[in-house]
Amino acid sequence: MKSKLLNVFMPMVLVLAMGSCSHYSNEEIVTADKSLITNYEYSTEETQLLQMINDYRVSNGLNALITINHISYKSMEHNDYMITKNVVNHDFFAERAQNLMDVLGAYKVGENVAYNFSCPTNVLNAWLNSPTHKANLDGNYTHFGLSISINPITGKKYYTNMFIKK
């Protein structure tokens, strides 16, 4: 029984370890697309996860974060990239961070990614049990956004959650 549980949870642990959070606050990278995205349609699960993150933060004496559609759109773009490449990573995080700095006036950016969790509760619990992901959830941020995308071939869910301070 114990080995079966290890076989089930080990891939999730590996994904969390490989897809740990990222931080960026350097302004040297230039991105080409500086247009503000204002439209983003949130799924029920995305709205639920945003609320769960804010509930967690407030229950721990932290400020609630304000949702920005542009951040969720950039998160969705990263999910699409990960689905296309069949990977879970932070590739091009510096470019996404620079975009949020240029377009939104952010001066601090963080990112959490995850893969193959069935529901918002499970991904939030995984992030809370990972010190590097939890550091972003507890971070000194003011705004956030996220996207949950489903690989149309495998049905697996990809999560990108970005945080900014401005």
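## Strand 5 and its partners

Strand 3 and strand 5 run antiparallel and are joined by eight bridges; two strands count as paired when DSSP finds at least two bridges between them. Within that pairing, N112 sits opposite N161 of strand 5. Strand 5 also pairs with strand 4, again in the antiparallel sense and over eight bridges. There, I148 has Y159 of strand 5 as its bridge partner. Strand 4 and strand 5 make a hairpin with six residues between them, and G155 in the turn has a positive phi of about 80°.

How many of the nine residues of strand 5 are buried? Nine of the nine are, so strand 5 is largely enclosed by the rest of the structure. Buried here means under 20% relative accessible area, exposed means over 50%, and partly exposed is in between (1.4 Å probe, protein chains only). In a regular strand, side chains alternate between the two faces of the sheet. In strand 5, K157, Y159, N161, F163 and K165 point one way, while Y158, T160, M162 and I164 point the other way, and all are buried.

## The chain as a whole

A quick word on what you're looking at: this is a predicted model, where local features need pLDDT of at least 70, side-chain atom pairs count only at pLDDT 80 or more, and totals for chains, interfaces and linings use all residues. Residues are numbered from 1 along each chain as its sequence is written, and side-chain values use heavy atoms, with hydrogens and water left out.

The protein chain has six helices and five strands, running α-β-α-β-α-α-β-α-α-β-β from the N terminus. Those are DSSP runs numbered from the N terminus: helices are H or I with at least four residues, strands are E with at least two. Of the 166 residues in the protein chain, 46% count as buried. Take the contacts (heavy atoms within 4.5 Å) between residues at least 6 apart in sequence: 77% of them join residues at least 24 apart. The protein chain exposes about 8,400 Å², with carbon and sulfur atoms supplying 57% of it; the area comes from the Shrake-Rupley method with a 1.4 Å probe.

## Helix 2

Helix 2 covers residues 44-59, which makes 16 residues, and reaches 22 Å from its first C-alpha to its last, close to the 22 Å expected at 1.5 Å a residue. That expected span is 1.5 Å times one less than the number of residues. Just after helix 2, G61 takes a positive phi of about 80°.

Its buried residues are E46, L49, L50, M52, I53, N54, Y56 and R57. What do the buried residues of helix 2 pack against? Their neighbours are strand 2 (66-67), helix 5 (120-128), helix 6 (131-137), strand 4 (143-150) and strand 5.

## Rings that meet

There are four aromatic pairs. Rings of Phe, Tyr and Trp (its six-membered ring) pair if their centres lie within 6.5 Å; planes under 30 degrees apart are stacked, over 60 edge-to-face, and the rest tilted. Y81 and F92 have ring centres 5.5 Å apart and planes at 85°, so they are edge-to-face. Y81 is in helix 3 and F92 in the loop between helix 3 and helix 4, so the pair ties together parts 11 residues apart in sequence. Y81 is partly exposed at 23% relative accessibility, and F92 is partly exposed at 49%.

Y115 and Y158 have ring centres 4.8 Å apart and planes at 55°, so this pair is tilted. Y115 belongs to strand 3 and Y158 to strand 5, 43 residues apart. Y158 is buried, at 1% relative accessibility.
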